[in-house]
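Please look over the sequence and the model before turning to the points below.

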Amino acid sequence: MDVKEQVKEQIKTVFERITRDKSLQEQFQREPVKALESILGVDLPDEIIHQVIQGVKAKLMADKASSAVDAIKNLF
């Protein structure tokens, strides 16, 4: 598995854990690096950590936007 695939897998793993655990969501907002390390159980190179953080943030924003759109649809 190449680095790009590894990053995608890490993003998926972190996203799934964060969306299920409110305390992890809060920790991720305050200290994203520590949150990732606690979820993944490994110390990744800074370059990989930052890619995973950005990917998780993007997925979280997309998930929130999707939820907002669904809520609006339910109004009509």
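Helices, as the word is used here, are DSSP runs of H or I with at least four residues, numbered from the N terminus. Just after helix 3, Gly-41 adopts a positive phi of about 75°. The model is predicted. The protein contains 4 helices and 0 strands, and its elements follow the order α-α-α-α from the N terminus on.

**Overall picture**

- Of the 76 residues in the protein, 28% are buried.
- Among contacts in the protein with a separation of 6 or more, 54% involve residues 24 or more positions apart.

**Helix 2 and helix 3**

- Two packed helices are described by the angle between their axes and the distance between the axes.
- The axes of helix 2 (residues 22-30) and helix 3 (residues 32-40) come within 5 Å of each other and cross at roughly 135°.
- On the side of helix 2, the contact is made by Leu-24, Gln-27, Phe-28, Gln-29 and Arg-30; helix 3 contributes Pro-32, Lys-34, Ala-35, Leu-36, Ser-38 and Ile-39.
- Sorted by class, this contact of helix 2 with helix 3 holds 6 nonpolar, 3 polar and 2 charged residues.

**The buried side of helix 3**

- Pro-32, Ala-35, Leu-36, Ile-39 and Leu-40 are buried in helix 3.
- These residues lie on the same side of helix 3, because they cover an arc of only 115° around the axis.

**Salt bridges**

- Side chains of opposite charge can pair when their charged atoms come close.
- The count of salt bridges in the model comes to 2.
- Lys-8 and Glu-5 are 3 residues apart in helix 1 (residues 3-20), so about one helical turn separates them.
- Lys-8 counts as partly exposed because its relative accessibility is 46%, and Glu-5 counts as partly exposed at 36% relative accessibility.
- Another salt bridge links the side chains of Lys-34 and Glu-31, with an N to O distance of 3.6 Å.
- Glu-31 has a relative accessibility of 32% and therefore counts as partly exposed.
- Lys-34 also belongs to the residues of helix 3 that make the contact with helix 2.

Methods: Residues are numbered from 1 along each chain as its sequence is written. This is a predicted model: local features need pLDDT of at least 70, side-chain atom pairs count only at pLDDT 80 or more; totals for chains, interfaces and linings use all residues. Side-chain values use heavy atoms; hydrogens and water are left out. Axes are lines fitted to C-alpha atoms, for helices over the stretch in contact, and angles run from 0 to 180 degrees between N-to-C directions. Helices (H or I, at least four residues) and strands (E, at least two) are DSSP runs, numbered from the N terminus. Contact means heavy atoms within 4.5 Å. Ala, Val, Leu, Ile, Met, Phe, Trp, Tyr, Cys and Pro count as nonpolar, Asp, Glu, Lys and Arg as charged, and the others, Gly among them, as polar. A salt bridge is a side-chain nitrogen of Lys or Arg within 4 Å of a carboxyl oxygen of Asp or Glu. Buried means under 20% relative accessible area, exposed over 50%, partly exposed in between (1.4 Å probe, protein chains only). The arc is that of the directions from the helix axis to the C-beta atoms.
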